[in-house]
Amino acid sequence: MSAARSHRRAEPGFRGAGPQDLGGHMTATRPDALRPLAGVRVVEFCHVAAGPFCGMLLADFGADVVKVEPPDGDAMRQWPPITDGFSENFASINRGKRSVVLDLKDPAARDAARALVLEADVLVENSRPGVMKRLGLGWDWFGERKPSLVYCSISAFGQDGPRGAEGGFDLTIQAAAGVMSVTGEPDGAPVKAGVPLVDFGAGLYAAFTIASLLARVRAGGAGGHVDVPMFATTIAMSALQTSEYFGTGRNPRKLGSAHPRNAPYQAYRARDGWFAIAAGNNKLWQQVCEIAGTSELLADARFATPTLRAANQAALRDLLEVRFVLEDAATWLGRFAPAGVPSAPINGYAEALADPQAGHLGLVRPMTLPNGVATRTVGCPVRLDGRVVPVETRPPALGEHTDAVLGRPGAAG
């Protein structure tokens with residue numbers, strides 16, 4: 001069995017890294033440099049990706065995140081890979097949370113959910129607009145009763161407007177927001193980005209805005225309703241493309257791995273595969289020519305500036321690849337790196353996670369699934385005061401904390 005897919009049954013008591021006791025209540029925590037959201041309670045009514053990712057980010061920085069799920073659970077619990085009955089996809093964005101099962105169509109369960117939120121600081125939801133209001137859990141109900149509440153709604157197109165009622169997923173928003181129009185080879189079929197940037201970008205915007213409003217609340221101000229449209233956050237992340245349109249009046253076009261304003265700045269073919277170079281200024285361009293043995297190109301008027309090189313990058317690529325295909329990618333990378341030319345192999349995730357820098361940054365963390373199987377996950381990618389943020393990596397089993405969170409008799413805690 002490969003190292004990437006190996007699992008083991010965890011020793012009793014192993015829960016991964018982190019300061020939380022997910023068997024019942026949170027352990028005593030205090031706000032500090034590594035857990036600045038300690039003491040913040042979040043109630044998450046979310047499913048699949050954008051909302052759960054937002055909740056995970058808050059949990060990583062110390063918030064107590066209670067995930068409210070329907071009796072059949074977040075749909076992502078069924079996404080493969082399934083390890084001994086538990087989804088590792090689900091685990092990857094639901095670590096450090098507590099799971100409570102409530103059928104929100106039941107008035108008693110709705111009242112229990114209301115009570116949870118009234119004791120919390122933050123509510124995060126990613127249902128279609130209007131759903132939470134119909135359930136009696138909308139901002140209209142909570143806003144007047146708890147003005148300090150930060151209520152965050154993540155949706156496809158926003159809470160109102162001509163498309164507000166529409167749903168959407170990462171693929172359809174990538175299409176609607178323009179991302180697919182600039183992704184892929186110039187003569188290829190439309191393709192999406194391989195990473196769900198719509199979902200995770202919206203989750204990042206949501207978490208940042210929630211943290212900003214929490215700062216306002218802590219300063220004595222009010223909470224508020226945060227409206228995070230995935231359509232809008234995706235367009236906002238496309239700042240270079242929208243500014244190109246505003247400046248030229250033309251739609252940006254697909255360039256494959258190339259750059260619209262710099263060259264050589266793309267993937268190039270070597271004898272045994274591909275590698276990438278990002279030589280975005282004249283000094284780096286000179287280095288590339290010296291290493292590749294193409295110094296004559298420095299006198300070619302087509303390649304005199306980054307803008308001209310970008311305009312003629314197809315011809316430039318062909319001229320460089322005549323040299324690059326004579327040797328292996330590793331050979332070229334071994335020459336470019338010492339010269340300071342940004343370059344890289346085209347890694348798969350196995351290779352990226354095995355990079356020595358990934359080890360230095362402490363990215364790969366142990367994780368124990370609720371079924372006792374030990375696996376791994378990627379932890380918090382940022383460091384505070386030079387230290388890895390100590391996230392709780394264990395995800396919750398469906399309804400694992402219902403009794404404890406709701407204070408039912410016999411609950412562990």
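Predicted model: local features only at pLDDT ≥ 70, side-chain atom pairs only at ≥ 80, totals over all residues.
View 1. Residues are numbered from 1 along each chain as its sequence is written, and side-chain values use heavy atoms, with hydrogens and water left out. The loop holding N126 runs between β7 (122-125) and α4 (131-134). Helices (H or I, at least four residues) and strands (E, at least two) are DSSP runs, numbered from the N terminus.

**View 2. The surroundings of N126.** Leaving aside residues up to four places away in sequence, N126 touches F45, C46, H47, G51, P52 and I154 (contact: heavy atoms within 4.5 Å). The N126 side chain reaches the backbone oxygen of H47 at 2.9 Å.

**View 3. An open sheet of three strands.** The order is β10-β11-β12, with antiparallel pairing (two strands pair if DSSP finds at least two bridges between them). β10 (265-269) and β12 (343-345) are the edge strands, each pairing on one side only. From one strand to the next, the twist averages 25°.

**View 4. β11 beside β12, with a helix on the sheet.** Strand β11 (residues 274-278) is joined to β12 by three bridges, and the two run antiparallel. F275 stands opposite P345 in β12. Helix α13 (residues 329-336) packs on the sheet and touches β11 and β12. The direction of α13 makes about 20° with that of β11 (axes are lines fitted to C-alpha atoms, for helices over the stretch in contact; angles run from 0 to 180 degrees between N-to-C directions).

Key: Polar contact = N/O pair within 3.5 Å; in protein donor to acceptor, adjacent residues only side chain to side chain.
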